[in-house]
Amino acid sequence: PAVTHEVRLAVAEPVTWAPALRALAAHSVPGLAETDLAAGRHTHTVATPTGPARVTVTLTDGAPDVPCSVTLGEDGDLAAVVDLVRRWLDVDHDPEPVDAHLAVDPVLTPLVAARPGLRVVGSTDGWETAVTTVLGQQVSVAAARTFAGRLVAAVADHGPAARDVLPTFPSPE
């Protein structure tokens, strides 16, 4: 049976999440990820050695932490998933030196002031990122999402069936 854990990931401040959340929404593969912009929430299924884990994060500008709900099989590795999410969202990044350096440029000064602590969202799966990037180079991002969603529907890894966990992106194999 699936077990859900609620954790809060401390984030180095300042932090601006809205652009990252919009980027996540623009690249969310149907059947694999879901984004609710109004609620500031993004859900993505990630692969773990013990099967899929469903991760839901709530990204709020200026918040000192990121609420994170992780649903895994009973033998799931919560620590590994939390480490993955920390890297994915770049929560340990210290934005102050970057902001200070960029703010020296007169063109960038107002942009840095408008979005202090901007993060670059990483990837939860290198293979998924490579496939969706190649698709996005061939067609629009929206079409790439559709094609990737069809791939997920056709050959995704559902792992040990758990009602609350979406499938993971198909492996290279």
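This is a short chat about Trp17 and the nonpolar core around it in a predicted model.

Guide: Residues are numbered from 1 along each chain as its sequence is written. The model is predicted, so local features need pLDDT of at least 70 and side-chain atom pairs pLDDT 80 or more, while totals for chains, interfaces and linings use all residues, and side-chain values use heavy atoms, leaving out hydrogens and water.

Visitor: Where does Trp17 lie?

Guide: Helices (H or I, at least four residues) and strands (E, at least two) are DSSP runs, numbered from the N terminus. Trp17 lies in the loop between strand S1 (2–10) and helix H1 (18–26).

Visitor: Is Trp17 buried or exposed?

Guide: Buried means under 20% relative accessible area, exposed over 50%, partly exposed in between (1.4 Å probe, protein chains only). Trp17 has 0%, so it's buried.

Visitor: Which residues touch the most other members of the largest nonpolar core?

Guide: Such a core is a set of buried Ala, Val, Leu, Ile, Met, Phe, Trp, Tyr and Cys residues joined through side-chain atoms within 4.5 Å. In the largest one, with 23 residues, they're Trp17, Val85 and Leu89. Helix H2 (78–89) is among the elements that supply at least two residues each, and H2 gives the most, with 6 residues.

Visitor: What lies over the face of Trp17?

Guide: A charge sits over a ring if NZ of Lys or CZ of Arg is within 6 Å of the ring centre and within 35 degrees of the ring normal. Here it's Arg119, at 6.0 Å from the ring centre.
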